[in-house]
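Please open the model in a viewer and keep the selection panel at hand.

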Amino acid sequence: MTTRKDRTLTVVSKYAARVHVVMNRRSGGRLVRTFRGGDVLLMTHTGRRSGRTFTTPVLYVRDGDDFVVAASNGGIDSEPQWWLNLQADPRGAAEVEGRRIDVLASRVAEVDRQRLWDALMAKCPAYDKYQASVSRRISLVRLSPIAEEQAA
């Protein structure tokens, strides 16, 4: 059951995300590249029910060539729509500093989870607060670049 607080946070988050995406794209990735001390990428994904394309700003850390993001949903106690969408269709795109990279999403392997959680925490300590405020375990998502022939 979604609380009134979570519904309010969802509305505010969606509005802030739209503004963030517009500012980032209009500046060619030069503006709003960071948030709360962390680096931001724009993640494009396909709605699992609507088939529409959506773009969501998320904080990330690098793990080799991959990007790793937390499905924290800003401390809201439900999975973010972008992660539900990527579970249904793992193909998406990441925009970093104005450059678009086709990616394939997957849940971070348990063996890598703590190391990558700690890396995200070093960039944005709010993740521990988010984890403490929700009943679910926040998923870590790996966005792996795919070759052009795989993206088609």
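**Salt bridges and a helix pair**

Begin with Asp-39, which counts as partly exposed because its relative accessibility is 27%; buried means under 20% relative accessible area, exposed over 50%, and partly exposed in between, with a 1.4 Å probe and protein chains only. The model is predicted: local features need pLDDT of at least 70, side-chain atom pairs count only at pLDDT 80 or more, and totals for chains, interfaces and linings use all residues. Residues are numbered from 1 along each chain as its sequence is written, and side-chain values use heavy atoms, with hydrogens and water left out.

Asp-39 and Lys-123 form a salt bridge whose closest N and O atoms are 3.5 Å apart; the term denotes a side-chain nitrogen of Lys or Arg within 4 Å of a carboxyl oxygen of Asp or Glu. Asp-39 belongs to strand E2 (residues 38–46) and Lys-123 to helix H3, so the pair ties together parts that are 84 residues apart in sequence. Helices (H or I, at least four residues) and strands (E, at least two) are DSSP runs, numbered from the N terminus. Lys-123 is partly exposed, at 35% relative accessibility.

Remain on H3 and select Arg-115 together with Asp-63. Their salt bridge has its closest N and O atoms 2.9 Å apart. Since Arg-115 lies in helix H3 and Asp-63 in strand E3 (residues 53–63), this pair ties together parts 52 residues apart in sequence. Arg-115 is partly exposed, with a relative accessible area of 44%, whereas Asp-63 is buried at 18%.

Now select Glu-110 and Arg-137, whose side chains meet in a salt bridge (2.9 Å, N to O). Arg-137 is in the loop between H4 and strand E7 (140–145) and Glu-110 is in helix H3, so parts 27 residues apart in sequence are tied together. Glu-110 is exposed, with a relative accessible area of 53%. Then highlight Asp-63, Asp-66, Asp-112, Arg-115 and Arg-142, which salt bridges with shared partners join into one network. The total count is 10 salt bridges.

Finally, display H3 and H4 as cartoons. How do helix H3 and helix H4 pack? Helix H3 (residues 110–123) and helix H4 (residues 126–133) pack at an angle of about 120°, with their axes 8 Å apart. Axes are lines fitted to C-alpha atoms, for helices over the stretch in contact, and angles run from 0 to 180 degrees between N-to-C directions. To see the contact (heavy atoms within 4.5 Å), select Arg-113, Trp-117, Leu-120 and Met-121 in H3, which meet Tyr-127, Asp-128 and Gln-131 in H4.
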